[in-house]
Amino acid sequence: MTAYFIRRIFQMILVVLISAVASYALLNLAPGGPLAGLRQIQQNNRFQITEEDIARIRAYFELDLYLPYRFTRWLIGVPRGPITIGGKEYLSDMVVGCARPLETEILNDQGKYETKVTGCGEFVKLKELAGRRTSHGILFGDFGLSWRLLRDRPVSELLLSRLSKTIQLIGLSTLLSLFIGIPLGVFSAVKQYSKFDYIFTSLAFMGSAMPTFFFGILMILLFSIIPKGAGWPYVPAGLSESVRGYTVPLIGAVVAGSVKDRILHIILPVAVLTLVNISFYSRFVRASMLEVMRQDYVRTARAKGLSETIVIMKHAFRNALIPFITVVVFTLPGLFSGAIITESIFAWPGMGRLYLLALNDFDYPVAMSIFFILAILTVIATLLRDILYTVADPRIRLS
Amino acid sequence: MTTAQAPTLIAEPVTIEERTPFQIVMTRFRRHCLTMISLVIMLGILLITILAPVIAPFEIQELSVNDYFVPFGTVDQATGRVHYFGTDNIGRDYFSRLIYAGRISLTVAILSTIISELVGIVVGAISGFFGGWIDSVLMRFVEFMLTIPQLPLLLIISSMLLRNDNLIPIPDPVLKFMGNILLLSPRDSRNAVLIVLVLAGFGWLNAAQLMRGTVLSLKEQTFVEASRSLGASNFRIIMRDMIPNAMAPIIVDASLNLAGYVVGEAALAFLGFGIQDPVPTWGNMLSASQQFMLDKPWLPLVPGLPIFVCSLAFNYIGDGLRDALDPRLKL
C-alpha cells in the first residue's frame with residue numbers, strides 16, 4: 001500500500017511537471033506573443049519606439065532571458081541573482097539571456113525577406129537579475145503578475161475574483177444534475193423497456209449528442225430573446241448580474257446587483273449545464289444499474305423474499321454507484337476550471353472565460369496558472385478516484 | 001489437392017443458405033430504424049456538400065452590395081439568383097456559405113477520423129503485439145495524454161498554431177490537395193489542415209487502447225498460432241490476422257469520433273480558435289450569428305441545426321453499428 005502511494009505520487013509529480021513544461025513551451029516557443037502588437041505600432045511610425053523602449057518591454061515580459069531560465073524562474077523562482085555562498089558571489093557573469101538581439105533581413109527560399117535573429121548585441125548576465133522582481137515560483141503558490149488583463153496585479157487576485165462565480169455555477173449545476181440524473185437513471189433501468197424508459201433514453205441520447213454551444217444559444221433564444229420581444233416574462237442572459245435595473249413582466253422591477261438579479265442571471269447557464277450533465281449522468285447510472293441487476297447477488301436477494309424496493313435500493317443501487325465515482329470525482333477540476341464553452345456563451349465571469357480571455361490577450365501568466373492548477377487538480381482527482389474505488393468496493397485492491 | 005478418389009456422394013448435398021459476415025451485419029444494421037434514417041440523412045448531407053459548386057447559387061465570398069440580412073428567398077435583382085436563406089451582415093449568401101461550410105466541416109471531421117484511427121490502429125497493434133517495454137512506453141504515453149485536461153490544451157495548441165502560420169511546415173502538395181477538396185486556395189486551407197492535425201492529435205488515444213485490447217486477446221487465438229507456424233512474419237500476422245479481426249470496435253469508435261469531430265471543430269471555431277472567418281464553417285457561422293440574434297432570432301438556427309443533426313446522426317450510426325457488430329448478439 002505504501003509502495004503504491006509512493007509510486008503514484010511520483011507519477012503525479014511527473015505528470016504535472018510534464019504538462020507544465022509542455023504548456024509553457026507551447027505558449028513561449030511560438031513567435032509573436034506579447035510583442036506582436038508592439039511591432040505593428042513600430043511599423044506605424046506614429047509613435048516612435050526606441051531600441052531602449054523595446055529592451056525595457058522585453059525585460060518586463062522577461063523575453064530577454066533564455067527559455068530554460070524563464071521556465072525555472074516561473075516554476076520555482078530561481079535563478080534570482082548570483083549564487084552567494086559565504087559572502088562570495090558565484091557565477092555572476094554567466095550569460096542568461098540576450099537584451100538586444102541582432103536582427104537581419106534574410107532572403108528565404110521563396111524569394112521573400114524574413115527577419116531573423118542572427119546574434120546578440122548585448123547579453124544579460126546573472127548578476128543583473130538580482131534587482132528584478134520575480135515570482136517565488138508557481139510550485140510554491142506564487143502565480144506571478146498578470147501581463148494584460150489586470151496589468152501588474154497578482155494573478156492569484158484575478159483567479160480568486162473569478163473562482164467564486166465558477167464554483168457557484170459548476171457546484172449548483174453538478175448538485176442539481178446529481179439529484180435529478182441519478183434517480184432518473186435508476187428509474188429508467190428498473191422500468192427497462194417501458195414507455196418511460198424508451199422516451200427517456202431517446203431524450204438522453206439526443207442530449208448527449210447536442211453540442212453545448214448550440215444548446216446554450218437555443219436556450220437564450222427560447223427563454224430570453226423571444227419572450228422579451230413578445231412582452232412575456234423572460235430570463236436575462238449574459239453576465240452574472242446586470243449593469244442597470246430592468247423590469248420583467250410578472251416578476252416586476254429588478255435592481256441591478258440584487259439577489260433577485262443574480263438568481264435570474266444564473267438560471268440559464270445552470271439549466272444548460274444541468275441538462276447536459278443529466279443526460280450524461282443518467283445514461284451512465286442506467287447502464288451500470290442494468291449491469292448490476294443481472295448479478296447473482298441481486299437474484300439471491302430476490303430469492304430471499306426481500307421486497308423489490310429493498311433489493312433495488314440496498315443491493316443494486318449501492319453497487320451501481322461504484323463506477324459512478326469516476327464521474328463525480330472529475331467534477332473537482334471542473335469546479336476550478338469551469339465550463340469554458342458555457343461560460344463564454346453566457347459571458348459568465350468565471351474561470352473558463354478568464355482562460356479564453358487570457359489566451360486571446362497573450363496574458364500567458366494567467367493562462368498558464370489556470371492550466372497548471374487544472375493539471376494538478378486532475379491528477380489529484382485521478383488518485384482520489386482510485387482510492388475511493390477501493391473504499392467503495394473491497395474487491396478492488398490497490399497494487 | 002490429393003489425387004485420391006473420394007467416394008461419390010449419393011445423398012443430395014444439404015444446402016444451408018450461407019451468409020457472409022457482411023450480410024449478417026447488414027441485416028442487423030437494417031433493423032435499427034433510426035440508424036437507417038440517420039444514414040440516409042448523412043448521405044443526403046454528404047451529397048449536397050459534394051455537389052456544393054453545382055447547387056450553391058453564389059460564391060462563398062461574393063458580396064451582394066446593399067443586400068444585408070435580406071429575408072429568406074429574396075431574388076437577386078441583377079442576376080435573378082435566389083438567396084434561399086437570405087444574406088449575412090455583409091451581404092454574403094447564407095445558403096451557399098452553409099453548404100460550403102458543410103463541405104469544410106465534414107471534410108475536417110472525416111480526415112481527422114481517418115488519421116486518428118490509422119494512428120490508433122498502428123500504435124495499438126504494435127503495443128499489443130510486441131508487449132514488453134514498447135507496450136509500457138506507448139501505453140504510459142496514452143494514459144498521460146488522457147490525464148491532461150483536453151479542451152484547455154486543445155485551445156492552447158490551436159491558438160498557437162493559428163497565430164503562427166509557419167510554425168508547422170505543411171508541404172505544398174498537401175495544401176493543394178486540401179484546397180482542391182475544400183474548393184479553397186491552398187493558403188486558406190492551411191487552417192483546415194492544422195485543425196485536422198490538432199483534432200487527430202488527441203483523437204487516436206481511444207482507438208489505440210481499443211486496438212491494443214483486441215490484439216492482446218487475438219494473440220492467444222489458435223489461428224494466429226497457425227499463421228506463425230506456417231512461417232508468417234510479424235508484419236504479415238499483424239496485417240492479415242490482427243487488424244481485420246479487430247476492425248469491429250474500431251469502426252464503432254470511428255463513427256462516434258466523426259460526431260465528436262464535427263462538434264469539436266465547430267466548438268473550436270465557435271470559441272474563435274478554429275478555422276477563421278472568410279472561410280465558412282458551421283462553427284464560425286454560428287459564432288458570427290450570435291451577435292445579431294437579438295434582432296434575428298432565426299439566424300443561429302441555420303448553421304446550428306446542421307451541427308446538431310450531424311452529431312446526432314453519427315451517434316445513431318455508431319450506436320447501430322455497435323449493436324450490429326457485436327458478436328454476442330444472436331439474430
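**Cores, contact and chain A**

Modeller: Of the 159 residues in the largest nonpolar core, those touching the most other members are Y355(A), A367(A), A192(B), I195(B), M211(B), V262(B) and A266(B). A nonpolar core is a set of buried Ala, Val, Leu, Ile, Met, Phe, Trp, Tyr and Cys residues joined through C-beta atoms within 7 Å. A residue is buried if 20 or more other C-beta atoms lie within 10 Å of its own, exposed if 12 or fewer, and partly exposed in between, with C-beta atoms placed from the backbone. This is a predicted model, in which local features need pLDDT of at least 70 and side-chain atom pairs count only at pLDDT 80 or more, while totals for chains, interfaces and linings use all residues. Residues are numbered from 1 along each chain as its sequence is written, and chains are lettered from A and ligands numbered from 1 in the order in which they are written.

Colleague: Which helix gives the largest share of this core?

Modeller: Helices (H or I, at least four residues) and strands (E, at least two) are DSSP runs, numbered from the N terminus. The largest share of the core, 17 residues, comes from residues 186–218 of chain B, which form helix α8.

Colleague: Why is α8(B) largely enclosed by the rest of the structure?

Modeller: The helix is not straight throughout, for α8(B) has a kink of about 30° centred on G201(B), where the bend at a residue is the angle between axes fitted to the seven residues ending there and the seven starting there. It is largely enclosed because, of its 33 residues, the number buried is 25.

Colleague: How many nonpolar residues has the side of chain A that touches chain B?

Modeller: Two residues are in contact if their C-beta atoms, placed from the backbone, lie within 7 Å, and the contact takes 35 residues from chain A and 33 residues from chain B. Ala, Val, Leu, Ile, Met, Phe, Trp, Tyr, Cys and Pro count as nonpolar, Asp, Glu, Lys and Arg as charged, and the others, Gly among them, as polar. On the side of chain A there are no charged residues and eight polar ones, and the nonpolar residues number 27.

Colleague: Is S194(A) buried or exposed?

Modeller: S194(A) sits in the loop between α5 (155–190) and α6 of chain A. Since S194(A) has 12 C-beta neighbours inside 10 Å, it counts as exposed.

Colleague: What radius of gyration has chain A?

Modeller: The radius is taken over C-alpha atoms, and the globule rule is 2.2 Å times the number of residues to the power 0.38. A compact globule of 399 residues would come near 21 Å, but chain A has 28 Å.
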